[in-house]
Amino acid sequence: MKYFIGNWKMFGVPKSISILHKINYYYSKDKNRRKYRVIITPPYTLIESYAKYFKKKKIIIGSQNCYQKDQFSSNTAAISPYMIKKVGANYTLVGHSDNRSEGDTNEMLKNKVHFALKNNLKVVFCIGENKKEKKNKKTFSVLKKQLSKVLEKKFNKNNIIVAYEPIWSIGTGKIPSKNELEKTAIYIKKVLKDIFKKSPALLYGGSVDGNNVEMFKKIREIDGFLIGGASKSSKKFIDIIKNYYR
Ligand code: PGA
């Protein structure tokens, strides 16, 4: 199974659903549709209405984050995995670099993964090195730490997807070379095999578009994409899927 996940970040109002109507139309007619899933993570404010609309359709709605507690608590403005699931989301991102840079620690991320899984949300766990770590050749050790400090053997790997998003590539138009990404993807899958015996799906994220997807699709270890900027345009998002299966 392949995955095309659109991460809207801080974008969208109710009428932005028109973007998803177009993506859903393409998806439901695509002859390759059984080979992949389309998941969109709008902001919290839109999860319920979008999930209701797409309930019996192809697109799956997810959340961009969740709080590190289970159900209800006295944390102002926090949204728990339970609350997200109850309004119809089926996935959640955990550990996006935007949230790590705002203070998400490994311990918090472990709780997020735990409670998300407990509430039947599938988790897309994001990892990635920054520019300085890459320059100092620390990429592998950073990734290993991000994975091993959070993911545990007891988690159900069938409900986890890992997204490798080098921070220097997010929103910059810069992407790793094929060779570089292939080596990193093989390494990540090896670390995941050490934890789970069998590796969960691995996505790449960072400036993915309709042109560079041609290169990414040649890498066997990459099972799909986490798409930021290009997911806010139906045409750009559909172009990624089209060119992937071309
Ligand atoms: P980008 O974002 O595609 O705009 O680089 C990816 C992400 O942050 O998930």
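**Exercises on the aromatic rings**

At 0% relative accessibility, Phe225 is classed as buried. The model examined here is a predicted one.

**Exercise 1.** Determine how Phe216 and Phe225 are arranged as an aromatic pair.

*Solution.* Aromatic rings are described by the distance of their centres and the angle of their planes. For Phe216 and Phe225 the centres are 5.9 Å apart, with 50° between the planes. Planes under 30 degrees apart would count as stacked and over 60 as edge-to-face; this pair is therefore tilted. Phe216 is buried, its relative accessible area being 0%.

**Exercise 2.** Classify the pair of Phe4 and Tyr244, and state which elements it ties together.

*Solution.* By the pairing rule, the model contains 16 aromatic pairs. In one of them, Phe4 and Tyr244 stand 5.5 Å apart, centre to centre, with 80° between their planes, which is an edge-to-face arrangement. Phe4 belongs to strand E1 (residues 2-7) and Tyr244 to helix H10 (residues 234-244), so the pair ties together parts that are 240 residues apart in sequence. Phe4 has a relative accessible area of 0% and is buried; Tyr244, at 11%, is buried as well.

Note on methods: Residues are numbered from 1 along each chain as its sequence is written. This is a predicted model: local features need pLDDT of at least 70, side-chain atom pairs count only at pLDDT 80 or more; totals for chains, interfaces and linings use all residues. Side-chain values use heavy atoms; hydrogens and water are left out. Rings of Phe, Tyr and Trp (its six-membered ring) pair if their centres lie within 6.5 Å; planes under 30 degrees apart count as stacked, over 60 as edge-to-face and the rest as tilted. Helices (H or I, at least four residues) and strands (E, at least two) are DSSP runs, numbered from the N terminus. Buried means under 20% relative accessible area, exposed over 50%, partly exposed in between (1.4 Å probe, protein chains only).
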